[in-house]
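Open the structure in your viewer and keep the selection tool at hand. The stops below go from the whole chain to single residues.

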Amino acid sequence: FGDRVWKFSQEYPSCVDDAFVGSGVSLISNEKIQAARISKKKDMRAPLIMGIDPARTGDRTSIAFRRGREVPKILKWEFMDEMKLAGIVADLIRKYDVDKAFIDVGYGHGTLDRLNELGYSSKIMGVHFSHSPLDDTYLNKRAEMWCLMRKWFHDGGVNIPDNNELNIDLASCPDFEPSSNGKIKLPSKKDIRKVSGFSPDMGDALALTFAYPVFSKEIMERTQNFSRGGLSQSSSGGLRRKKRA
């Protein structure tokens with residue numbers, strides 16, 4: 001990373017401030033992360049989205065929940081297998097009435113296949129970090145998701161769990177750099193792990209909640225009603241419900 005020096009310990013420090021070498025180094029400002037940790041923001045009308053980052057060798061499996069401007073819950077496991085994870089994800093989707101779940105398929109193909117077999121194909125979607133982004137400003141999907149998450153934090157008014165591990169994961173990603181073709185790129189998880197001694201699994205789980213736009217059930221129902229002819233355009237430009245014959 002050029003002259004950037006990252007001095008994270010392999011063991012999480014007892015004081016989170018000790019983990020950071022200074023402001024302006026991380027993609028996401030530690031000041032913004034700290035503000036989000038003490039926020040009480042709620043966003044109950046927004047869709048509930050899950051991000052699932054399955055474990056690689058030596059990594060944690062992490063699941064993040066985001067509802068608009070709030071992250072109500074984040075979970076982690078030190079040891080996990082694909083079939084067990086599929087069962088956990090299915091239970092969480094049912095328990096919390098999740099609108100959409102995005103899973104990193106770099107190491108989650110088996111979990112995704114099993115969830116499809118269980119009938120969750122409308123709720124679950126695989127995401128590959130190296131695939132093409134929606135916005136070609138970015139080099140790949142991972143850069144796009146993390147930069148959208150950065151904007152979410154830096155816009156302010158967000159609420160995340162008061163969790164040191166999550167804080168460190170979020171702040172472990174160096175700021176973006178332009179690639180040789182001018183697109184925004186980020187260091188890979190592998191590169192971050194080489195320098196910091198760990199992989200930002202919880203950060204990646206939260207970033208996955210920004211993979212694709214997700215609309216609330218209310219908006220989806222309105223759209224479906226409109227497409228079925230249940231709503232018509234009024235002369236004033238608003239929408240009114242058609243009268244039954």
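This is a predicted model: local features need pLDDT of at least 70, side-chain atom pairs count only at pLDDT 80 or more; totals for chains, interfaces and linings use all residues.

Residues are numbered from 1 along each chain as its sequence is written, and side-chain values use heavy atoms, with hydrogens and water left out.

Select the whole chain. It has 8 helices and 9 strands (DSSP runs numbered from the N terminus: helices are H or I, at least four residues; strands are E, at least two). Of its 245 residues, 47% are buried (under 20% relative accessible area, 1.4 Å probe, protein chains only).

Next, select residues 61–67, strand S2, where 7 of 7 residues are buried. Thr61, Ile63, Phe65 and Arg67 point one way, and Ser62, Ala64 and Arg66 the other.

Leu48 stands opposite Arg67. On S3, the bridge partner of Arg67 is Glu70. S2 and S3 form a hairpin with 2 residues between them, and Gly68 in the turn has a positive phi of about 65°.

Now select residues 164–171, helix H5, with 7 of its 8 residues buried. Among the buried ones are Leu166, Ile168 and Leu170. Show H1 (30–38), S3 (70–77), H4 (141–155) and H7 (201–208) as well: the buried residues of H5 pack against these elements.

Finish at Asn163, which caps the N-terminal end of H5, with a side-chain oxygen 2.9 Å from the backbone nitrogen of Glu165.

Methods. Buried means under 20% relative accessible area, exposed over 50%, partly exposed in between (1.4 Å probe, protein chains only). Contact means heavy atoms within 4.5 Å. A polar contact is a pair of N or O atoms within 3.5 Å; within protein, one must be able to donate a hydrogen and the other to accept it, and residues adjacent in sequence count only if both atoms are side-chain atoms. Two strands pair if DSSP finds at least two bridges between them.
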